[in-house]
Amino acid sequence: MATASVANHDTAAHDHHDHEHHDNFVTKYIFTQDHKMIGKQYLLTGMFWALIGGFLSILFRLQLGFPEMDMSFLRPLLGGWIDETGALDPTFYLALVTMHGTIMVFFVLTAGLSGTFSNYLIPLQIGARDMASGFMNMLSYWFFFVSGVIMFISLFLKTGPAAGGWVVYPPLSALEQAIPGSGLGMTLWLIAMTFFIASSLLGGINYITTVINLRTKGMSFSRLPLTIWAFFLTAIIGLLSFPVLFAAALLLVFDRSFGTSFYLSDIYIGGEALPNTGGSPVLYQHLFWFLGHPEVYIVLLPALGITSEVIATNSRKPIFGYKAMIISMLGITILSFIVWAHHMFVSGMNPFLGSIFMFLTLIIAVPSAVKVFNYLTTLWRGNLIFTPAMLFSIGLVSFFISGGLTGIFLGNSAIDIQLHDTYFVVAHFHLVMGSASFFGLMAGVYHWFPKMFGRMMDARLGYVHFWLTFVGVYLVFFPMHYIGIAGFPRRYYSWTNFEFANMYTDLNMFVSVAAIITFVAQFIFIFNFFYSMYRGRKATLNPWRSNTLEWTTPLYPGHGNWPGEIPTVYRWPYDYSKPGAEEDFIPQTVPLSATPESNLPHEQELVKLELEIMKEDEEVLVANESRHQ
Amino acid sequence: MYGFLIGVGVLLLLSIIWMVYRIQTLVSVVKGSDKKVASGSNKINAILFLVFLVGGGALMFWYSIKEFDNYQLPIASEHGAVTDQLFWVTMAVTGSVFLITHILLFIFPYKYQYDEKRKASFYPDNNKLEIIWTIVPGIVLAGLVISGWMAWSDITAPAPEEAHVVEIMGYQFAWEVRYPGTDNVLGDYDYRLITASNSHGIDFTDKNSIDDFSSPVVVIPKGEPVLFKIRARDVLHSVFAPHMRLKMDAVPGMPTRFWFVPTKTTAEMREELGDPEFQYEIACTEVCGRGHFSMRKIIEVIEPEAYQKWMAEQKSFIQMNPSLAEGLPAETKELAEIELNK
């Protein structure tokens with residue numbers, strides 16, 4: 001077995017050397033099959049979409065914070081959606097909310113986060129030349145790109161983009177009579193999502209295959225960095241749940257275009273009774289949330305994986321409870337599939353189901369709690385270096401706690417009766433999945449930028465970016481808890497129609513101002529990113545003095561990652577500050593036999609075995625060399 | 001002119017920031033601090049975490065206490081008292097976890113900031129600890145779940161026989177209300193029967209529908225069980241009565257229900273709040289289109305005696321519009337005529 005894998009790597013290396021010379025602009029930057037470039041493509045596309053998604057939220061925050069404002073100055077951009085008096089159109093308000101959600105959840109936090117780092121890090125951290133199928137990987141990006149183009153076009157339709165909320169519940173999303181966005185806008189939404197699902201599946205299959213099959217010698221599952229564990233489990237969740245969203249969308253397409261009645265029944269609209277009977281809107285909700293809830297973990301797990309890596313490295317300490325972290329993630333993965341109906345406590349489904357899903361939902365809080373305690377213990381008695389990535393990771397843990405705890409309210413069906421679809425929910429998921437995942441994304445960019453572009457990002461700008469964003473996010477989303485407890489419903493264009501909600505105009509204004517400042521602060525990052533790409537300080541090979549394999553590649557790794565042999569792995573990735581060792585880190589490629597001074601008793605026993613294996617390898621290598629000559 | 005001046009000002013500001021940034025970078029290169037593992041910024045960031053902890057914490061406590069009466073809506077139903085109590089118990093539990101974890105999360109960065117002379121302690125795992133902090137949250141959560149489950153079961157149990165029935169139907173963009181009349185049984189309906197004069201689609205061949213009537217506001221008695229039968233005519237809506245702690249989706253093709261016991265009349269609540277204008281309200285909480293934010297309905301809670309009196313005064317659909325009785329089969333026609341002659 002060992003012989004075979006070494007031989008394979010050897011020939012692969014030679015193949016890739018040949019390829020490199022034939023790369024032209026198109027194959028290197030556009031239709032590339034190099035996982036590193038595909039990762040960067042995902043990152044840049046994700047950043048583009050994050051700016052669009054963020055900008056849309058600023059538009060509706062203007063409406064919510066300053067309902068009296070004259071928005072005529074936006075007319076060059078929004079045209080007819082601003083009426084003669086300078087007010088935003090209420091239908092377009094819903095479209096803005098819908099597109100903000102869709103873009104952020106799918107394009108930014110799924111593709112931009114998981115797509116970027118799964119692609120970029122999996123081969124580098126497990127010691128592989130590339131993904132299992134470079135071609136499928138390329139397809140995955142370009143399906144995502146097409147999906148984005150279609151969604152982007154839908155923003156400019158005369159009838160507007162989809163406007164039924166990012167969950168696009170039928171009948172609203174099925175009937176053009178109900179809202180204009182459910183016409184062509186919704187059709188494009190469905191087509192775009194179909195491409196997106198195909199893209200996710202192509203990517204996911206690749207991630208799973210690569211992690212299982214292409215790990216380098218010695219890289220057992222129990223030596224995988226937690227990032228890889230997170231990406232691996234994320235891919236499994238995606239692979240099992242995205243097809244269900246596809247099924248839901250397909251049935252919706254049938255209802256919209258071919259007169260079926262999967263979701264439609266007993267509808268009288270626009271002065272006529274529709275012929276559909278026997279369908280159930282609740283069926284759609286079940287199907288949607290069967291993806292929709294795992295989706296939360298699809299965006300969150302990669303962020304948690306990145307954080308584990310960054311916190312361990314910059315605490316100069318092993319991550320506390322490596323095995324417990326893996327078991328928690330496994331637990332979250334499995335449980336994520338059986339909690340979906342907690343989004344539907346008051347949807348009219350059988351209350352008995354509500355009881356079951358309440359029990360299951362609150363179980364999932366346990367592994368999440370374990371993860372938080374493990375992060376805290378990792379920080380405890382560490383030697384903390386506050387790189388921007390470390391700051392964002394600590395910020396993530398804070399959001400994960402704040403947003404996670406409010407989940408305990410919402411997962412309790414009795415309490416959820418009042419809080420469901422209020423701003424409490426908005427506060428909850430923006431903290432726990434939106435901001436936490438976004439901070440994971442940022443931590444990842446700051447941490448792996450030197451590997452991606454061979455240069456350092458400016459740390460000071462990173463600090464400013466972090467503090468503005470961290471404080472900003474709390475100022476935006478923390479007040480929403482109060483608004484939510486007061487019962488303010490979501491997706492409201494204005495609250496002045498109701499006495500119970502005719503207050504907190506000051507707080508809403510405050511939230512909007514905070515949102516604008518936070519959004520503007522992101523341009524510090526954009527500047528830092530592009531400026532550092534060309535003019536940043538040259539990076540050293542291992543700037544964070546980290547243990548994982550990606551830092552053993554050259555400064556500008558070519559297609560194939562390592563110019564010579566792929567390094568062999570001899571230890572887990574978290575040997576930081578090991579007692580007896582001279583440096584405060586021991587990379588995974590350092591054999592145990594080379595560090596007798598710091599080996600733990602059980603490791604000392606492994607040394608003998610390790611030496612035997614190394615000797616065998618040596619022989620194989622010599623044999624190979626002689627064959628080539 | 002102002003636009004031009006503002007533009008120049010912004011440009012100036014940006015170029016100053018740019019200069020400061022460049023000078024900073026060059027100074028740090030000269031000092032060699034970019035070669036160090038952790039520069040002076042490490043300490044600043046550590047201190048900022050403490051500042052954030054204290055500042056953010058103070059802001060949170062100050063606002064939570066100051067605004068309590070504003071965001072805590074008065075309760076006007078029996079089960080509302082239960083769910084609110086659950087809410088505040090959960091708040092106490094999660095609030096303490098929130099505080100403890102955040103104090104640790106922000107104090108550790110200060111306490112354990114980088115020091116060249118120190119080495120972090122190698123502490124990779126401790127199974128005992130892991131087991132403790134798996135089991136303890138498990139037990140706490142079990143407590144919360146079980147109390148929540150008991151409340152949920154009570155709330156969603158079938159309504160008592162004698163509950164006063166009110167049908168609430170959502171459509172774009174309003175609610176319509178139907179009462180079952182003296183027999184306390186709502187007549188059948190079919191969405192295909194909806195016309196301009198029969199917006200509920202009531203089937204008047206069903207004799208239970210003869211005495212059904214409508215009302216512009218939802219009138220219900222205090223202290224007696226009330227059953228909302230909820231349905232939708234076009235898209236999803238959701239009945240949300242914040243003071244009643246009541247929420248249930250209105251689904252086309254699938255009637256839903258929610259029963260509760262109101263505990264305070266509108267008049268009592270007005271007195272309690274010192275607000276003579278106060279009204280109980282229903283809002284829509286499931287996005288339903290352009291007018292989603294304007295689906296307001298008023299609930300009026302009155303004393304049971306006044307409720308009986310009010311019921312007796314109401315005019316049925318047939319009385320309001322005798323043409324509805326036209327073309328009915330003989331048996332129901334007779335009932336309709338009796339109703340008309342009341």
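Predicted model: local features only at pLDDT ≥ 70, side-chain atom pairs only at ≥ 80, totals over all residues.

Mentor: Residues are numbered from 1 along each chain as its sequence is written, while chains are lettered from A and ligands numbered from 1 in the order in which they are written.

Trainee: What does the secondary structure of chain B come to?
Mentor: Chain B has nine helices and 10 strands, counted as DSSP runs (helices H or I, at least four residues; strands E, at least two). Its radius of gyration, taken over C-alpha atoms, is 32 Å, well over the 20 Å that the globule rule (2.2 Å times the number of residues to the power 0.38) gives for 342 residues, so chain B is more spread out than a compact globule.

Trainee: And which domains does the assignment give for chain B?
Mentor: An automatic or database assignment gives domain 1 (41-113 + 128-157) and domain 2 (164-340), and their centres, taken over C-alpha atoms, are separated by 39 Å.

Trainee: How many residues of domain 1 of chain B are in contact with domain 2?
Mentor: In chain B, 10 residues of domain 1 are in contact with 15 residues of domain 2, a contact being two residues whose C-beta atoms, placed from the backbone, lie within 7 Å.

Trainee: Switching topic, how many residues of chain A are in contact with chain B?
Mentor: There, 96 residues of chain A are in contact with 87 residues of chain B, and α11(A) gives the largest share of the chain A side, 14 residues.
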